Amino acid sequence: MFNPSSPYHEPGFGAWKQRLGALPSSEVVIREAEQTAQDGRWMRWMQADCESTNIQSVEYNVSKIEQQLVLLAEIADYPVGFCCVLAGRTNSDPLFIQLVAVVPAARQRGIGLALLRAAAVRQPQRNIAMATLDDNVAARRLNDRFAQSIRGNIQRVPVRRFRPSDLGFAQGEHHHPWMIDRQHEAD
Ligand SMILES: CC(C)(COP(=O)(O)OP(=O)(O)OC[C@H]1O[C@@H](n2cnc3c(N)ncnc32)[C@H](O)[C@@H]1OP(=O)(O)O)[C@@H](O)C(=O)NCCC(=O)NCCS
């Protein structure tokens with residue numbers, strides 16, 4: 001039976017999934033998401049394919065794209081990852097990486113790192129904050145590699161330092177925040 005809250009039977013989802021199973025080795029392209037139903041739908045399908053991400057409606061995703069920076073990673077025009085980023089309210093606030101996700105078929109080929117680096121170059125003056133679950137080995141390794149790649153110093157910060165909503169998680173979730181200090185990047 002058709003379930004409107006499930007993307008699995010939406011037209012095109014199956015073809016996209018099939019395509020992920022035979023991804024070409026072409027380079028990944030990172031671009032800013034546009035406020036279109038198509039990009040909102042790509043995000044929804046990737047949310048469905050990635051563990052640890054909530055599946056949102058197309059409308060919700062389009063409003064997210066409207067309100068903040070969303071980057072999409074594509075291989076041969078097919079989306080394989082995305083990243084949601086929020087600049088803090090004041091100039092001295094960090095850039096919050098709220099979510100980075102790469103579909104399982106495209107993991108461990110540098111796409112998560114490419115997404116984070118693309119976010120960082122758009123806000124070179126800001127330090128960078130993100131939160132991870134302690135047992136998310138992939139995310140923690142990604143964050144360490146990211147900090148290293150921008151010559152930043154990553155450190156754990158107290159849970160209350162930032163609002164959970166800025167970090168992209170809900171009250172009661174047990175994520176731990178991290179901060180990358182970028183003062184060495186320009187040396
Ligand atoms: C976390 C995630 C985005 C990583 O994406 P990715 O494209 O595979 O990451 P990269 O290929 O850029 O890898 C970056 C580093 O992390 C390492 N890494 C990635 N996945 C790993 C894993 N499962 N175990 C150990 N190390 C891992 C890579 O080897 C690389 O380190 P290296 O350069 O020293 O080899 C992806 O696993 C994912 O989407 N997970 C589900 C969503 C999630 O948990 N997001 C993070 C919280 S917001």
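This is a predicted model: local features need pLDDT of at least 70, side-chain atom pairs count only at pLDDT 80 or more; totals for chains, interfaces and linings use all residues.

Trainee: Fine. What is the strand order in the open sheet?
Mentor: The order is β1-β2-β3-β4-β5-β7-β6, an open sheet of seven strands with mixed pairing.

Trainee: Which are the edge strands?
Mentor: β1 (28-32) and β6 (153-156), each of which pairs on one side only. From one strand to the next, the twist averages 25°.

Trainee: And how do β4 and β5 run, parallel or antiparallel?
Mentor: Parallel, with three bridges joining β4 to β5, residues 128-132. I97 stands opposite M130 in β5.

Trainee: Now the core. Which residues have the most contacts inside the largest nonpolar core?
Mentor: F82, C83, I97, L115 and A119, in a core of 44 residues. β4 gives the largest share of this core, seven residues.

Trainee: What is F82 in contact with, leaving aside neighbours within four places in sequence?
Mentor: M43, M46, V70, L71, L72, A73 and A101.

Trainee: Changing topic: which residues come nearest the ligand?
Mentor: R107, G112, L113, A138 and A139, out of 23 residues around the ligand. The elements that give two or more residues to that shell are β4 (95-102), α4 (111-122) and α5 (137-149).

Trainee: Which one gives the largest share?
Mentor: α5, with six residues of the shell.

Trainee: How does the shell divide into nonpolar, polar and charged?
Mentor: Eleven residues around the ligand are nonpolar, seven polar and five charged.

Notes:
Residues are numbered from 1 along each chain as its sequence is written. A residue is near a molecule or strand if its C-beta atom, placed from the backbone, lies within 6 Å of it. Helices (H or I, at least four residues) and strands (E, at least two) are DSSP runs, numbered from the N terminus. Ala, Val, Leu, Ile, Met, Phe, Trp, Tyr, Cys and Pro count as nonpolar, Asp, Glu, Lys and Arg as charged, and the others, Gly among them, as polar. A nonpolar core is a set of buried Ala, Val, Leu, Ile, Met, Phe, Trp, Tyr and Cys residues joined through C-beta atoms within 7 Å. A residue is buried if 20 or more other C-beta atoms lie within 10 Å of its own, exposed if 12 or fewer, and partly exposed in between; C-beta atoms are placed from the backbone. Two residues are in contact if their C-beta atoms, placed from the backbone, lie within 7 Å. Two strands pair if DSSP finds at least two bridges between them. Axes are lines fitted to C-alpha atoms, for helices over the stretch in contact, and angles run from 0 to 180 degrees between N-to-C directions.
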